[in-house]
Structures are given as structure tokens and as C-alpha cells.
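Please report on the confidence of this model, on the contact between its chains, and on one pair of helices. Keep it brief.

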Amino acid sequence: MTRTVLRAAAVPLASVVLGLLLGAVLITVQGHSVLSAYGALVLGGAGDADALLRTLQKATPLVFGGLAVAFAFKAGLFNIGGQGQLLVGAAFAAGVGFGLEGVPLVVHLPLALLVGGAAGAAWGAIAGVLKATSGAHEVIVTIMLNFVAGNLTDWLAANPWQDRSGSNIIARTPLVEPSAEIPTWGWLPAGFVLAVMAAFACWFILERTTYGFEVRSVGANRHAARYAGISVGWIMASTMAVAGLLAGLGGAIESLGVDGRFEAGVNVGLGFEGITIALLARTNPIAVIPAGLLVGLMEAGAAKMQFESGVAPEIIDVIQALILLFVAAPLIVRWLLRLRDRPDAPDRRLTLGAGWGR
Amino acid sequence: MAAAAETVVSQAEPEVLLAGHGITKRFGPVVANDDVSVELRPGRILALLGENGAGKSTLVNVLFGLHRPDAGQVVIADENVELSSPHDAIARGVGMVHQHFQLVPPMSVVRNIVLGAEPRKLGMIDVAQARRRVMDLADRFGLHVDPDAAVEDLPVGAQQRVEILKALYRDARVLIADEPTAVLTPQETDHLLGVLRGLTAQGVGIVFITHKLREVMAAADDIVVLREGKVVGTTTPAQTSEAALAELMVGRAVDLHGDRFESGATGVGSAVSTTAAPSDEAPIAEAGERPVVLDIAGLCTDDDRGQRAVDELSLTVRAGEIVGVAGVEGNGQRELVEAITGLRHATAGTVSISDRDASGARPRQVTVIGVGHIPEDRAKHGLIGSYSVADNSVLNRYFKRPFAAGGMLRRDRIDSHARDVVATFDVRTPDVESPADSLSGGNKQKLIVGREFSDEIDLLIAAQPTRGIDIGAIEFIWRRIRERRDEGTAVLLVSAELDEVLALSDRVAVMYEGRIVATVDPRSATREEIGLLMAGAAPGAAGGS
């Protein structure tokens with residue numbers, strides 16, 4: 001068991017180390033101290049309660065976004081639509097959050113989360129249903145739906161749902177009611193707890209339920225799944241809905257727990273980082289948690305790193321990109337580590353081109 | 001640039017056309033070839049005989065330059081050579097006819113043959129010269145084929161002749177044929193063996209890979225038997241028998257007849273070679289009273305390209321009988337099976353299973369009615385390679401008790417079921433957690449058979465149940481299918497191997513172009529009669545031969 005985990009984690013871990021090493025080279029070349037830069041990065045991400053809170057808040061939508069990609073991938077679908085699903089989730093959760101007044105927290109908060117999740121699920125399901133009924137490729141459809149979602153939520157924030165208080169001219173909703181706010185317990189945001197629960201729920205569904213068996217069967221061998229009596233179309237549609245639900249929840253928690261409202265342009269790019277997270281986690285739902293934490297920490301600590309050592313925070317993006325490059329090209333890492341390439345190695349099965357033209 | 005035409009006009013006839021001396025080839029821990037030596041002389045047919053995984057393909061891939069040997073020496077035309085790619089082998093006059101043809105279907109025969117070595121004039125392909133050369137070759141070797149026909153319009157046997165011409169056009173002195181008869185009717189097979197014989201008369205040497213003993217005995221000059229990567233026997237047809245060869249291949253005596261066919265002959269020899277031995281029992285007479293389990297009436301369905309593949313086909317299978325569908329592949333057998341099992345939409349007609357209407361049923365419904373299905377393509381449909389043996393052992397029953405309850409999988413029940421299947425069906429696997437991909441072909445097939453047999457079924461649909469697996473596993477699966485039949489299960493057997501159909505069936509339905517053209521009694525029909533029916537001869541004409 002431990003050995004399997006280690007073998008599966010070898011490439012991602014080595015990728016992180018390699019990414020940090022190359023990042024260190026870049027920092028040195030710019031004439032800064034690697035030690036103080038990385039030291040500030042860690043302190044800024046985990047040095048005290050505030051830093052930890054920042055990291056966990058950053059990690060929450062990353063975990064949800066990562067799950068949205070990882071879950072769909074189990075059915076052989078490449079969900080590029082996390083961004084759009086997250087945006088509609090964030091906007092609709094905020095809509096419920098500020099739109100209802102005088103509702104108790106036990107009703108208001110779950111309802112706002114639920115509506116946000118449902119909006120994301122609906123958004124994801126569009127791509128799933130189109131794939132199942134017409135064969136439209138989910139990559140194309142989800143990418144296009146990202147634009148639709150971006151414009152739709154911008155419009156909502158700038159027109160019907162815009163905050164009219166004072167002299168506000170920003171395209172953003174009013175603040176959500178206190179009864180719809182997600183609490184934070186010291187350094188621990190409740191949203192992160194939900195993210196961890198969601199990761200374990202995904203693992204449980206995939207590994208322990210008949211529905212998960214069907215999802216994985218469709219992903220592993222669509223033809224055999226059909227032979228086994230599984231409705232491939234239903235699995236594709238429902239899996240994309242689940243993926244959208246996860247991304248939508250991530251967006252809802254952003255609105256209700258971090259920003260306190262939905263604002264056009266604030267969440268841009270957040271959904272795309274889910275792809276990085278899912279790849280780093282090798283689409284394992286449990287591994288999405290540490291992957292999200294790692295990236296969350298780097299983002300939370302970037303400001304302190306710039307302040308203390310003068311390194312531009314963009315170096316974090318470069319390191320992330322390098323890590324992703326190494327994860328996506330395991331041959332490089334395997335060669336560096338002298339790991340033998342095994343046909344049954346977990347990363348051999350992670351072919352993200354799956355699904356094209358089939 | 002006519003590179004091919006101007007090459008080697010050998011001054012003297014070489015003594016050895018192609019040889020491997022002490023070839024050893026490893027793939028990771030697997031030794032595919034272990035100190036293997038073979039030698040091909042001019043004008044001879046060398047048959048490489050062995051089960052799947054015995055190392056035949058590895059050996060010819062080494063000789064053809066596709067693999068580099070870890071040890072040993074390849075010799076071409078008396079010369080020690082180092083081959084770095086098939087181009088080196090081709091340049092030295094070695095040609096290969098692959099099992100899956102390497103042809104461009106919409107292009108003409110001539111263009112296919114000259115492809116990559118076209119005669120040119122002013123930078124353009126000199127079509128007239130190409131055509132002339134191809135015609136000359138065809139005449140010289142007696143390989144008749146319409147030079148202007150598109151390859152896709154030709155029957156399989158003619159496509160194979162194009163492949164052979166392609167090699168000869170590149171001045172091949174050695175022809176390696178990988179399972180060349182797998183896709184042919186018995187008549188086409190006989191014709192091919194004649195063609196190969198004709199080639200040897202002109203000094204060409206042939207390496208002929210097969211696992212069919214009858215063809216080896218009929219065509220080979222020299223026989224090399226491989227088992228587990230080693231040469232276990234070198235002989236000639238005159239010195240051996242089919243039974244002896246089968247024993248060499250498998251490593252022990254095999255019996256494919258089962259209890260029903262008590263004939264004088266021992267072992268696999270007669271079963272694989274000719275018609276099934278006649279039986280004294282007469283299950284057909286009494287089968288008439290047994291209930292009809294599968295009733296197909298006027299069934300029509302299309303293939304993937306939208307062409308009519310099954311054409312108003314009607315067929316019944318009764319409880320306790322095996323009905324074998326014989327036919328050359330591509331005559332609608334696959335579409336027929338898929339239409340019955342719900343994997344393909346039937347455009348007309350009805351299917352009734354155990355008196356229930358199963359027309360248009362989905363795969364799940366067909367399973368639940370009580371149908372076991374051994375699919376033709378085990379990698380594509382039968383198994384999920386990355387899944388464990390345990391998960392595969394419940395692949396189409398995972399949702400039923402006792403394997404699931406309340407939407408949850410019950411791992412303990414699935415695992416213990418898998419251990420049962422592994423034990424009962426002799427699936428060789430380290431444990432039930434191993435991925436199905438790690439199993440050999442025969443063990444994969446036994447896993448599928450075990451899965452399909454472990455539930456109550458009234459009807460078994462077995463499509464190519466023993467394709468590409470070793471004789472030991474064939475023997476085992478045949479015995480299990482017979483046992484099922486004897487217990488009262490109706491069995492529809494679809495196989496491209498006429499020998500298999502004859503050995504197992506109580507009735508043989510011959511399928512040609514989407515129809516059942518005749519139903520014959522396997523105990524009285526001959527291979528030749530059935531072969532003619534498979535090739536499309538009218539039933540009346542077949543009787544005369």
C-alpha cells in the first residue's frame with residue numbers, strides 16, 4: 001500500500017522539487033537570495049495564524065477546482081470548464097446570499113451553497129449532455145461555455161444584481177447577508193473543511209459505490225462499459241454535472257466565505273488552476289488536497305516573499321508552470337530519477353488526450 | 001528512381017537465405033527468445049509453429065530488423081548482418097506479409113505495390129512502367145490480380161496476393177508470412193499454399209508462421225516448433241504427425257474432443273485437422289423436443305458504415321444444443337451478435353430469448369434475461385484492462401446482489417467471487433488484485449468465460465471464444481462450453497475457425513453476406529462442402545463436390 005502510494009507520488013513530488021530548484025536558479029540569476037526568498041514564502045504561507053488562514057482560503061477553490069477536473073477525468077472526460085462552472089456558482093450563490101433577508105443561517109447558508117453548486121452542475125451538465133447526445137467534444141464545449149459564463153456573470157454583476165449603494169460603479173453585487181456568510185474558526189475557514197469533505201466524498205463515490213464503478217468503467221474502456229450494460233451517455237452527462245457541482249461549490253465558497261460578494265473579474269483564472277491541481281494530484285481525489293495546499297501556500301506567501309526579498313511574485317507562476325510541465329512530461333522526471341517506466345505505472349494511464357475523436 | 005529494380009542480382013545462389021543463430025531477446029524480465037536457431041534454405045518453406053506467446057513473432061521481428069537481438073547473429077544470404085530497421089532487411093531481399101495488411105484501401109493494386117519504390121520519369125511516377133512491371137511479376141509468379149482494381153474492392157485472398165507482390169516487387173528472396181491463413185476460407189488457404197509452393201520453385205524461401213497443424217503438414221518442408229521462447233523441436237512433415245506436433249507445442253498430450261467425440265484418433269491431431277469425428281449419440285433428434293431459447297426472425301442490421309450487414313436472418317437455438325455459425329469473417333457475424341446482445345440497433349426483425357421479446361433490448365436487459373456473452377474482442381469489450389481481475393469478474397453483474405447492496409460495492413463478496421472464478425476456471429494470476437492486462441490471452445479469456453458461466457444463464461453467445469489463445473486454454477474452454485450445453489444451456493457459437501465450429505456444434509449454420517445460406521449437420525458435412533458454402537456457392541452446388 002505504502003509502496004503504491006510512493007510510486008504514484010514519486011513523479012509529482014520530484015516535479016515539485018525540480019520546479020523549486022529551477023525557481024531557485026531564476027531567483028539567483030536575478031541577484032536575490034534563494035534562502036530568504038523561499039523562507040519568506042513559507043513564512044508568508046504558514047508562518048502564523050493569518051498566514052495559515054490565507055493559505056487555506058487560497059487552497060479551498062483550488063481543491064474544488066481540482067476535484068472538478070479529477071472527477072470528470074475518471075469518466076474519461078477532460079473538463080476545461082471549471083472556470084465557467086466556478087463563476088456561475090460564485091454569482092448565483094452571491095445572488096441568494098444578498099437577495100434573501102431575514103432568513104436564519106441554518107437555512108440561508110446551505111441554500112446559497114446549494115444554489116451555487118446547482119448552477120455549476122447545470123453548467124457542467126450542458127457539456128455532458130451534448131457529449132452524450134451529439135458527440136460534441138467536451139473540451140471544445142466547456143472552453144466555449146467559459147466565455148458564456150464569464151459574460152453572463154459580468155452582466156449579472158453590472159446590471160440586475162449590481163450594488164447600487166452609495167456611489168458604487170463597480171460591477172459587483174452587494175455584500176451577502178451575515179446569515180449567508182461562511183464562518184471562519186480562528187485560522188480555519190469552514191470552506192476548507194467542506195473542500196476536504198468533498199475530496200473524501202469523491203474518493204468514496206468513485207471507489208466504493210456502483211455509480212463510481214460505472215464512472216471509472218466508462219473512463220477506462222467505454223466499449224467494455226457498454227458491453228457491461230452501463231449507460232455511457234448517462235454517465236457522461238451525470239459526471240459532468242458532478243464536476244460542475246464541485247466547481248460551483250468552490251465558487252460559492254469564494255463569494256460567501258472570502259469575498260463576501262460576487263465581483264466581476266475577481267475570480268478570473270481560479271477555475272483554470274484546477275487543471276494544474278488535478279494533474280499534480282494525478283487525478284486522485286485525496287491527493288487533490290495536498291496539491292491544493294501546496295499551490296495555495298505559494299500563492300499566499302508570494303506577497304511576503306516580494307516584500308522581504310524583492311523577488312517578483314510572478315516567479316511563483318513560473319514555478320507552478322515548471323511543476324506542471326514536469327508532471328505532464330513524466331518521461332523527463334523518470335529519466336532524471338532513473339525510475340523504470342512500467343506499463344502499469346499509474347502515470348502511464350494519465351493520458352489527457354483521451355477522448356479526442358472517440 | 002528505381003532502387004528496388006536495380007538491386008541484387010546475386011552472382012551465386014546463397015546456401016542460406018535467412019538464418020538466426022542463437023537468437024536471444026528479452027523484454028524486461030520476459031525472455032521471448034532463448035538461444036533460438038533457425039535456418040532457411042532456397043526453395044524451401046520453413047514453418048514456425050507455436051502457441052501464442054511462444055516467441056514466433058519476436059523471432060521473425062528480429063530477423064526482419066524490427067527488434068535487435070540481445071544475443072545471437074542474423075544471417076541473410078550467407079552474410080552476417082546487423083539490422084537496424086526493416087529497411088535493412090528489405091534492402092537485402094527479405095519481405096514480410098503481415099497478418100494485418102499494410103495496404104492503402106482506396107488506391108489501385110499497382111500503386112499499392114510500387115508505393116515507396118515508384119519508377120519515376122521527370123520527377124513523376126511512371127505509371128505505365130509501374131503497371132508493366134507489376135504485370136510481369138504477376139505473370140512470372142502466377143499471382144493473378146487485376147492491376148487497376150482498388151484494393152478495397154478486392155476479396156481478402158486477392159489483397160493478400162497484393163501483399164506478396166509488394167514484397168516480390170522489392171526483389172524479395174525471402175518471404176516471411178505471419179499467420180497468412182487466419183483470414184482465408186479453406187479454398188483460399190489451399191490456393192495460398194499453392195502460390196507459396198510456386199514461389200519456392202523459383203528459388204524463393206518462405207518462413208511461414210502458424211499455429212494450424214494441418215497447414216504445416218500440408219505445406220512445410222521444415223518445421224521448427226517453439227515453446228516458451230525455446231526451440232523444442234526441428235522436424236519435417238514426413239517425420240512427424242499432427243498429434244506429435246501438438247504435443248510438442250503444448251508440452252503435453254492434449255484432447256480437444258471431449259467426451260462426446262469418442263473417435264479412434266488420439267488427441268488434437270484429428271480434431272484440429274479435419275472434420276470432427278462422428279459420434280454415435282444423436283443429440284439432434286431429441287433436441288427437436290427441447291424448447292427454443294433463442295428465436296431470431298427476419299433480423300436486419302447495418303454495420304458501422306451503414307451498409308446492410310445482417311439481411312433478414314432467421315435462426316433458432318434450442319436448449320441443450322450448440323449451433324455454430326460458420327463463415328468467413330466480415331459476413332455479418334459480428335453485427336449479428338451485437339444485435340442480439342443489444343450492442344447494435346436492429347433495423348428490422350425480432351429477437352426472442354426464452355419466450356421474451358428481446359428486440360431492441362439494451363445490453364443490461366439482455367444480461368438480466370439470462371444471457372452470457374463471450375464477446376469477440378476481449379480487449380475491447382470483454383475486459384477493462386486496467387481493472388483488477390476481481391472487478392472484471394463482476395463486470396456486467398456488479399450491480400446485482402450479492403456484489404452490491406444499496407448502491408455500494410461489496411468488496412469482500414466481489415473478491416471471494418473472483419477467487420472462485422480464478423480457481424474454477426484455472427485463471428493463472430498472482431492474485432485477484434492484479435490488473436487484467438497482466439494476464440496472458442488465454443487466461444483473460446478464461447476469466448471472461450468464468451464470469452459469464454458463473455451466473456444462471458439460459459443462453460450463451462460465444463463469439464470467437466478461443467481466438468488467439470493456446471491449445472491448453474482452447475481445450476479447457478471447449479470442455480466448459482460442452483458441459484454447459486449438456487446442462488441444458490442453449491449455445492450460439494460464432495467462429496471464424498471452421499475446425500472449432502465443427503468440433504463443437506450440433507448444427508452448423510453457414511453465414512454468407514448477412515444471411516444463413518445453409519444449415520448442415522457437422523457429422524455428415526465435409527470441410528470442403530462447408531468451405532464452398534462459406535465462399536458463397538449455392539447450397540445445391542456444394543453438395544456435388
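Chain B averages a pLDDT of 84 in this predicted model. At least 70 is the score of 89% of the chain B residues. Two stretches of chain B fall under 50, residues 1–10 and residues 258–285. The table lists them with their contacts.

| Stretch of chain B | pLDDT | Contacts in the model |
|---|---|---|
| residues 1–10 | under 50 | 12 contacts beyond four places in sequence |
| residues 258–285 | below 50 | 57 contacts beyond near neighbours in sequence |

For the model as a whole, ipTM is 0.82 and pTM is 0.75.

Next, the contact between the chains. On one side stand 25 residues of chain B, and on the other 16 residues of chain A. Three elements of chain B each supply at least two residues to the side that touches chain A: α13 (363–370), α14 (378–382) and β20 (408–409). By type, this side of chain B has 13 nonpolar, 8 polar and 4 charged residues.

Now the helix pair in chain A. Helix α7 (residues 190–208) packs against helix α8 (residues 210–220), both of chain A, with the axes 5 Å apart. The angle is about 80°. Angles of 65 to 115 degrees count as roughly perpendicular, so α7(A) is roughly perpendicular to α8(A). From α7(A), the contact takes A:I205, A:L206, A:E207 and A:R208. From α8(A) come A:Y211, A:G212, A:V215 and A:R216. The residues of this contact between α7(A) and α8(A) divide into 4 nonpolar, 1 polar and 3 charged.

Notes. Residues are numbered from 1 along each chain as its sequence is written. Chains are lettered from A and ligands numbered from 1 in the order in which they are written. This is a predicted model: local features need pLDDT of at least 70, side-chain atom pairs count only at pLDDT 80 or more; totals for chains, interfaces and linings use all residues. Axes are lines fitted to C-alpha atoms, for helices over the stretch in contact, and angles run from 0 to 180 degrees between N-to-C directions. Helices (H or I, at least four residues) and strands (E, at least two) are DSSP runs, numbered from the N terminus. Angles under 35 degrees count as roughly parallel, over 145 as roughly antiparallel, 65 to 115 as roughly perpendicular and the rest as oblique. Two residues are in contact if their C-beta atoms, placed from the backbone, lie within 7 Å. Ala, Val, Leu, Ile, Met, Phe, Trp, Tyr, Cys and Pro count as nonpolar, Asp, Glu, Lys and Arg as charged, and the others, Gly among them, as polar. pLDDT is the predictor's confidence in each residue, from 0 to 100.
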